[in-house]
Amino acid sequence: MIIIDNYIGGSFHKPESGQYLDNVNPAVGEVFARTASSSSKDLEEAVRAATAAFDEWSRKTLAQRSKILHKLADLIDENLEDLARAESQDNGKPVALARRVDIPRAAANFRFFASAIINESSEAHVMEGEAVNYTRRAPLGVVGCISPWNLPLYLFTWKIAPALAAGNCVIAKPSEVTPYTAFLLCQLANEAGFPPGVLNVLHGRGAEIGQLLVDHPEVKAISFTGGTQTGRIIGQAAARQFKKVSLELGGKNPVVIFDDCHFEEAVRTTIESSFTNQGEICLCGSRIFIQEGIYERFKAAFVDRVRALKVGDPSKEVDMGALVSREHMEKVDTYVAGARTEGGKILTGGKRITLMNGFYYEPTVIEGLDEFCQINQEEVFGPVVTLIPFTDESDVVKKANSTPYGLAAVIWTENLKRAHAVAHQIKSGIIWINCWMLRDLRTPFGGMKSSGVGREGGSEALRFFTEPQNICVKL
Ligand code: TXE
């Protein structure tokens, strides 16, 4: 049995409570690890360690910090296979996907921010003949990073890399559902040369140790990715202390397919945007709007491809593995049952797959429901999409904007004028035109409306993890 302990001040510590949580491999439904269930005493210890480390870490030169981050990126590359297997075992995703996307991206996150701090320009404003102002961006101190279970190491590092690069000390809380790769990363952090206390990782339940982290007055900012309900709780708690908060929340993302699209590309990529990682990505498109003229043709081609997807043992060559937990699989199934009750027609899928005691679900396509039905309003976060016809640009803009969410959208058309016009009207933080998940880490990443507050990525992340200070020098 693997024991996942907290990482505080550069070494592993048992939780003060002595309590552990079961960690289940969703592919086989069996407990394979026990995860520390942390309490306020563990948090106090982490806060002490992080506070003590801050002076040394924040005074390091950019080049020194950059070098340690680069070293960690190299170590992730060297351990790619082990990390990919661990991620798949913990989350249920195909190991091939973790090998191709999750783990390389974790390394890229460190590499990117290691370079970004060196290349970031600083502002100066000259008051003619009188003074020069420059902006110093100071790290905040101890910051908290809370990450979810769907892309565990990918999103964990997406937060801690900019926080550390900017000179902060971090207390991170990975999802209790998928803590394994964050635990493995701590061992590599020691090898990379992080001074003790710069990175601390506490495990345990969100409502317990997560909430304590958010509420701790010495924790100066919280970067959170997770569900919208949780984001609301965190946002309210942070506001009471005027704490900086960045929230990356759920989505109900529209995919808009115009009749002049590159048909083959649109079908192929929409399969990916619907079912990659079992549909458990906040950026997955779940409402597919198809222009009337090609509705039947697109539907036929799409459903055909969906039927051909291979779902199964994530350690093998499959398109989809298991959903993250029994609870989540049941939630997905309840949404599909609700769609049936509301009159939706299941074109393919629509039920669990019994396999190895794991939590598998068929890729599911539903039609016949308007944009206001429950399944078209709420985030399912699984392998379930709906098809909805539309007439013209204004019709689809109205439909696409009809949810409380606004994270990502995809537009397929060969007419770029139309693509821009529609992109400007869809209320989403990220719009992909004729592609999906093409990511440049310099770009602002995050959502509008109930999909979030603030942006991650590039300069946005470095700004979030620093406090601007205006220094005015009289000439
Ligand atoms: O996420 P939670 P859950 C969506 C998706 C999913 C739903 C619920 O629809 O079905 O959210 O998933 C920690 N204070 N997304 O319940 O609870 C928690 O321990 C501080 C979208 O698993 O939001 C974990 O580390 N922390 C999404 C993290 O928050 C708290 C990714 C996220 O868990 C806390 C995941 C609290 N009070 C789910 N309560 C995306 N945007 O990518 C929980 N946590």
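Trainee: Which domains does the shell around the ligand draw at least three residues from?

Mentor: Domain 1 (2-249 + 451-474) and domain 2 (253-440) each supply at least three residues. Keep in mind that this is a predicted model.

Trainee: Okay, and which elements give two or more residues to that shell?

Mentor: Those are helix 7 (206-215), strand 11 (219-225), helix 8 (228-240) and helix 11 (326-341). Helix 7 has the largest share, with 5 residues.

Trainee: Which residues come nearest to the ligand?

Mentor: There are 28 residues around the ligand, and Trp149, Glu176, Gln211, Lys331 and Glu379 come nearest.

Trainee: How far is the side chain of glutamate 176 from a ligand oxygen?

Mentor: A polar atom of that glutamate 176 side chain sits 2.6 Å from an oxygen of the ligand. For glutamate 379, a side-chain N or O atom is also 2.6 Å from a ligand oxygen. With lysine 173, the distance from a side-chain N or O atom to an oxygen of the ligand is 2.9 Å.

Trainee: How much of the ligand does the protein cover?

Mentor: On its own the ligand has 820 Å² of accessible area, and the protein covers 86% of that. The ligand takes up the space of the largest pocket.

Trainee: Switching topic, what's the shell like by class?

Mentor: You get 11 nonpolar, 12 polar and 5 charged residues around the ligand.

Technical notes. Residues numbered from 1 in each chain as written. Predicted model: local features only at pLDDT ≥ 70, side-chain atom pairs only at ≥ 80, totals over all residues. Heavy atoms only, no water. Near = heavy atom within 4 Å. Polar contact = N/O pair within 3.5 Å; in protein donor to acceptor, adjacent residues only side chain to side chain. Areas by Shrake-Rupley, 256 points an atom, 1.4 Å probe, with all protein chains shown as cover. 1 Å grid on protein atoms, 1.4 Å probe; cavity = no way out; pocket = protein on both sides within 12 Å on 5 of 7 lines; lining within 4 Å. Sits in = over half its atoms within 2 Å of the grid points. Helix = DSSP H or I, 4+ residues; strand = E, 2+ residues; numbered from the N terminus. Nonpolar A, V, L, I, M, F, W, Y, C, P; charged D, E, K, R; others polar. Domains from an automatic or database assignment.
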